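Dear colleague,

Here is the structure for your files.

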Amino acid sequence: MAGDEAWASSCPSLLTNLSLLSPSQIELAKMLVKEGQTHLFDNWAEPGVDDEKKKAFFYQVSLLDSSYPGGLSSYIQNARKLLADSKAGKNPYDGFTPSVPSGEVLEFGDENFMKLEESGVKEARNAIFVLVAGGLGERLGYKGIKLALPVETTTGKCFLQHYIESILALQEASSKYAHDESQVKIPLVIMTSDDTNSCTMELLESNSYFGMDPTQVKLLKQEKVACLADNDARLALDPNDKYKIQTKPHGHGDVHALLYSSGLLQQWKETGRKWVLFFQDTNGLLFKAIPASLGVSATKGYNVNSLAVPRKAKEAIGGITKLTHSDGRSMVINVEYNQLDPLLRATGHPDGDVNNPETGFSPFPGNINQLILELGSYIEELKKTNGAIAEFVNPKYTDSTKTAFKSSTRLECMMQDYPKTLPPSAKVGFTVMDTWLAYSPVKNNPEDAAKVPKGNPYHSATSGEMAIYKANSLVLKKAGVNIAEPVKDTFNGQEVEVWSRVTWHPKWALTFKDVKEKVNQKCSVSQQSTMVIKGPNVFLEGLSLNGTLVISSTDESKVKVSGAVNNKGWGVKYVDYKDTSIPEEIRIRGFKIEKIEQLEMSNAV
């Protein structure tokens with residue numbers, strides 16, 4: 001054995017195969033041996049057998065090494081520490097006292113809200129949008145990517161189309177404020193995964209990027225991380241392939257490292273961008289909350305602004321909390337609901353997480369994982385960490401001795417944990433808006449949604465679509481339109497409110513002011529009605545709608561709608577989610593829109 005191969009002496013199967021490896025692969029092998037991973041080579045065959053698989057193994061190790069901040073050795077060392085803390089039962093909040101952080105609670109439609117919306121639209125040209133979309137729709141009972149699901153089935157627009165049209169509408173409106181005829185293009189970054197990358201690109205390309213310039217869109221693919229077999233952080237091999245390390249997703253916190261390593265953040269800063277807005281893949285209401293939230297960030301000078309909704313005490317949604325340590329450290333972060341109540345009880349609040357009797361809600365607002373970060377301070381913070389976000393591990397132990405796992409585990413990280421490492425000088429706040437306006441994600445399949453306790457949100461395709469109609473109806477109602485009260489109905493075992501089916505293109509109205517300028521108080525819409533507004537210059541003046549009305553306008557033409565419209569309209573028809581003859585994206589809702597009769601308008605009347 002040559003002297004320079006002595007490092008492999010403890011691993012004979014690796015030693016006999018060293019001649020197959022390139023210099024860079026030998027360095028990776030040395031790192032694995034140093035980090036206690038010699039078991040990976042225990043069952044390797046002699047040279048000449050499975051050589052291509054051995055090379056593929058090191059290709060995978062190289063990828064795991066390059067895609068993790070600090071490399072694979074850092075991952076193993078971090079895992080060892082976190083696994084030791086987990087085994088010891090260490091509480092990550094030891095020494096911290098919770099309190100209610102400072103933030104803004106907005107009232108939809110009041111003067112302050114409208115001023116903030118205007119401020120946010122003005123700022124939008126300085127923003128970047130980052131969409132976290134690494135997951136498939138399997139949990140929903142849908143085989144495709146979630147971005148391809150219809151937001152609502154009146155128009156059939158998918159989530160990605162809705163998001164892009166909303167960004168383009170902000171781009172146009174923001175440029176008008178700045179008298180910029182050429183329009184500064186607002187970048188959109190989409191974080192994908194192996195599961196979603198090709199399907200996301202196909203969805204964009206087959207739909208001409210839904211009207212967005214392809215140069216505005218950048219896909220960043222998230223890689224997986226190595227699984228851990230035991231408390232010593234020994235990497236787990238794939239049970240079906242001794243030359244392959246088992247991997248699992250690392251979590252959406254990877255978006256920060258991907259942005260940092262891509263070089264995009266610095267490019268954006270050099271072109272005068274100020275804000276990075278992070279959002280997730282199936283919240284069809286989000287862009288109703290974006291203008292005012294961005295307005296809050298701009299007027300308050302927040303480095304971090306978490307969008308939030310009112311939260312009932314003990315509700316299964318994390319609470320935004322200020323944590324102050326006995327050593328003087330403090331941070332404003334999301335604390336999961338099952339940790340917040342015991343933390344409060346342990347720090348002088350014997351009743352734990354309780355509702356404020358004046359508001360009926362917990363003083364700790366509900367985190368919805370939508371963040372607005374100030375770009376300059378974001379870059380400076382990521383320089384310190386190379387984009388790494390505080391991680392956690394959640395092994396499932398076989399018994400109380402915590403010596404073995406039921407199955408392999410891995411380190412995870414969450415996008416919203418970014419503020420954990422910020423200095424005390426950072427301005428971290430939140431913006432609370434009504435749930436009906438800002439938050440109705442599509443997460444659960446029909447069976448799981450039907451089991452949700454009465455009064456709690458279903459977060460299903462059924463409730464997500466009905467939330468769109470409710471929000472649009474309530475916005476019109478606030479603007480003075482006589483909107484009929486909803487009726488209650490049950491689809492896929494979920495009782496929901498069915499409002500008038502009202503949808504509009506984001507170019508018609510981005511803000512409440514836009515709506516107020518385009519409707520008058522002499523309009524009325526019945527509960528059975530459907531109204532689809534497809535263009536920017538549609539004005540409702542004394543409309544009485546009982547049926548279905550589809551109105552189109554170009555950027556140049558105005559369409560004024562008045563008088564009575566009566567027809568058989570479009571109905572909401574029950575479907576059985578177990579009926580496989582019906583497309584998945586329809587049956588997971590429990591209903592379909594039955595288009596019987598409508599009036600279509602595109603000229604002034």
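Lys221 is partly exposed at 29% relative accessibility (buried is under 20% relative accessible area, exposed over 50%, partly exposed in between, with a 1.4 Å probe and protein chains only). Its side chain meets that of Glu223 in a salt bridge, 3.1 Å from N to O; the term stands for a side-chain nitrogen of Lys or Arg within 4 Å of a carboxyl oxygen of Asp or Glu.

The model is predicted: local features need pLDDT of at least 70 and side-chain atom pairs pLDDT 80 or more, while totals for chains, interfaces and linings use all residues. Residues are numbered from 1 along each chain as its sequence is written, and side-chain values use heavy atoms, without hydrogens or water.

The count of salt bridges is 30. Asp230 and Arg234 form one at 3.0 Å, N to O; Asp230 is buried at 17%, whereas Arg234 is partly exposed at 35%.

Glu465 and Arg589 form another, at 2.8 Å, N to O. Both partners count as buried, Glu465 at 0% relative accessibility and Arg589 at 1%.

Helix 8 (residues 254–262) packs against helix 12 (residues 375–385) at about 95 degrees, with the axes 11 Å apart. Helices here are DSSP runs of H or I, at least four residues, numbered from the N terminus; axes are lines fitted to C-alpha atoms over the stretch in contact, and angles run from 0 to 180 degrees between N-to-C directions. Helix 8 is therefore roughly perpendicular to helix 12 (65 to 115 degrees).

Regards

Notes:
Helix = DSSP H or I, 4+ residues; strand = E, 2+ residues; numbered from the N terminus. Parallel < 35°, antiparallel > 145°, perpendicular 65-115°, else oblique.
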